[in-house]
Amino acid sequence: MSSFTMARTMQAAQVEQFGQPLVLREVPVPRPGPGQILVKTEACGVCHTDLHAASGDWPLKPPLPFTPGHEGIGIVVALGSGVSAVKEGERVGVPWLYSACGHCEFCLAAQEPVCGQAQFGGYTRDGGFAEYIVADPDYVAHIPAGLSPQEAAPLICAGITSYKGLKETQARPGEWVVVSGVGGLGHLGVQYARAMGLQVCAVDIDDGKLAHATRLGADAVVNARGDDPVAEVMKITGGGAHGVLITAPSLPAFRQGVGMTRKHGSCVLVGIPPGEFPTPLFDVVARCITIRGSFVGNRRDMAEALAFAAAGRVKAGIELQPLSAINEVFRRLARGEVPSRVVLDFAGG
Ligand code: NAD
Ligand code: ZN
Ligand code: ZN
């Protein structure tokens with residue numbers, strides 16, 4: 001480990017009980033073990049996944065207590081023994097895909113998010129709602145020069161996930177995609193889709209979010225609370241979207257999204273509200289529709305997603321808040337009151 005001198009303790013917002021407010025604690029600064037690095041947090045986005053994690057929404061639950069946050073960006077301040085992949089002083093992101101085995105059939109195929117040994121930042125490993133994060137140097141995101149840590153933060157989960165999900169639709173330039181849910185993931189999804197040459201129809205239940213989608217370049221918008229949003233999308237797209245990306249953390253959006261998919265098109269699921277949704281079997285079969293899950297992306301997808309932003313083609317909409325505001329941010333996120341992405345700002349801390 002280097003001679004870097006740092007505080008002995010740090011602020012961290014931790015989940016002690018599912019469904020309870022996070023507790024702001026002074027905890028020891030973790031030390032990087034062999035092959036690990038220590039990152040001093042500059043900024044960390046707040047993803048709806050953090051809310052699912054803190055609520056214990058999913059079948060695989062994180063061990064309590066834990067520190068959420070998988071959009072943490074910071075500077076490498078210390079190296080454990082044997083680390084050569086990054087250097088002190090570099091700016092990195094500590095993402096959802098915290099680490100993977102590197103050897104299984106999925107890792108060999110660059111499908112490491114589904115590696116059976118994968119660890120998840122802010123879930124099975126402590127994440128970025130803290131002043132320091134221990135990370136695996138082989139899996140951190142490398143933040144291009146020119147992007148501030150605050151604007152980079154949403155890209156390392158919301159950005160990569162919406163970008164990869166759009167790629168998984170296999171829609172080609174000029175074709176239609178629906179982006180359902182234009183919050184943290186979706187407001188970036190609209191921009192990636194435009195940058196990829198796709199026509200975009202944004203769907204949300206909030207007119208303010210839809211107006212924002214139009215400002216970001218959406219060709220059409222549909223309010224899912226309208227009389228017949230599926231029929232509206234069918235009309236706009238002339239028979240359904242070639243690709244549908246569902247980011248909405250809401251089950252009704254899934255059934256609707258399948259209905260909005262064109263014959264031989266793909267409906268890609270990335271939102272993960274707990275539960276199940278009814279699948280209209282006859283329509284899916286007779287219209288030859290693909291329904292596909294998509295889980296963040298691999299390290300190459302990460303580099304590509306960041307490159308769009310470095311080139312000025314995609315820009316995260318951010319609202320800065322201090323770590324101490326996390327419970328109020330969660331309350332607003334649960335009610336759909338966050339316009340795009342809240343980023344916890346550690347600057348000056
Ligand atoms: P967010 O709260 O920022 O945005 C959600 C948006 O969906 C809001 O704009 C809301 O108004 C809209 N919405 C709600 N109900 C809707 C409906 N019925 N129809 C259309 N829009 C609706 O959330 P986020 O951070 O963008 O995350 C969204 C979901 O994606 C969460 O479930 C999260 O866990 C999941 N997620 C998945 C992955 C992955 O790898 N698959 C990665 C990140 C997040
Ligand atoms: Zn996320
Ligand atoms: Zn593996």
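Start at ligand 1: select Leu185, where a polar backbone atom sits 2.8 Å from an oxygen atom of the ligand. Such a polar contact is a pair of N or O atoms within 3.5 Å; within protein, one must be able to donate a hydrogen and the other to accept it, and residues adjacent in sequence count only if both atoms are side-chain atoms. On its own, ligand 1 exposes 870 Å², and the protein buries 94% of that. These areas come from the Shrake-Rupley method with a 1.4 Å probe; for residues, only the protein chains shown count as cover.

Before moving on, note that this is a predicted model, in which local features need pLDDT of at least 70, side-chain atom pairs count only at pLDDT 80 or more, and totals for chains, interfaces and linings use all residues. Residues are numbered from 1 along each chain as its sequence is written, chains are lettered from A and ligands numbered from 1 in the order in which they are written, and side-chain values use heavy atoms, with hydrogens and water left out.

**Stop 1: around ligand 1**

Stay with ligand 1 and select His48. One of its polar side-chain atoms lies 2.7 Å from an oxygen atom of the ligand. Now show the whole surroundings. There are 31 residues around ligand 1, and His48, Thr49, Asp204, Val296 and Arg341 come nearest. A residue counts as near if one of its heavy atoms lies within 4 Å of the molecule or strand in question.

Next, pick Thr161. It is found in helix α4, residues 158–169. Helices (H or I, at least four residues) and strands (E, at least two) are DSSP runs, numbered from the N terminus. Thr161 has 5% relative accessibility, so it counts as buried. Buried means under 20% relative accessible area, exposed over 50%, and partly exposed in between (1.4 Å probe, protein chains only). Beyond its neighbours within four places in sequence, Thr161 is in contact with Leu185, Val270 and Val296. Contact here means heavy atoms within 4.5 Å.

**Stop 2: the zinc ion, ligand 2**

Select ligand 2. Which residues coordinate this zinc ion? They are Cys47 (SG), His70 (NE2) and Cys157 (SG), at 2.0 to 2.3 Å. Donors are N, O and S atoms within 2.8 Å of the metal (3.2 Å for Na, K and Ca); water is not among the atoms, so sites may look incomplete. Along the chain the spacing is C-x22-H-x86-C. Cys47 is in the loop between β3 (37–45) and α1 (48–55), while His70 is in the loop between α1 and β4 (72–79), 23 residues apart. Cys47 and His70 are both buried.

While you are between α1 and β4, select Pro65, which is in that loop. A cis peptide bond joins Leu64 and Pro65, with omega about -10°.

**Stop 3: the zinc ion, ligand 3**

Jump to ligand 3. Its protein donors are Cys101 (SG), Cys104 (SG), Cys107 (SG) and Cys115 (SG), 2.3 to 2.4 Å away. The angles between the four donor atoms run from 106 to 115°, so the arrangement is tetrahedral. The ideal angle for four tetrahedral donors is 109.5 degrees.

Trace the chain through the site. The donors follow the spacing C-x2-C-x2-C-x7-C. Cys101 lies in the loop between β6 (97–99) and α2 (105–108), and Cys115 in the loop between α2 and β7 (119–120), 14 residues apart. Is Cys115 buried or exposed? At 6% relative accessibility, Cys115 counts as buried. Cys101, at 25%, counts as partly exposed.

**Stop 4: two positive phi values**

Most residues other than glycine have a negative phi. Select Gln170, in the loop between α4 and β10 (176–180). Its phi is near 60°, a positive value. Gln170 is exposed, at 56% relative accessibility. Then select Cys288, in the loop between α9 (281–286) and β15 (290–293). Phi of Cys288 is near 55°, again positive. Cys288 is partly exposed, at 37%.

**Stop 5: Ala248**

Finish at Ala248, in the loop between β13 (241–246) and α8 (252–259). Ala248 is buried, with a relative accessible area of 10%. Leaving aside neighbours within four places in sequence, its contacts include Ser180, Gly181 and Phe254.

How values were computed: Four donors count as tetrahedral if all angles lie between 85 and 135 degrees; four count as square planar and six as octahedral if opposite donors are over 155 degrees apart and all others between 65 and 115; anything else is irregular.
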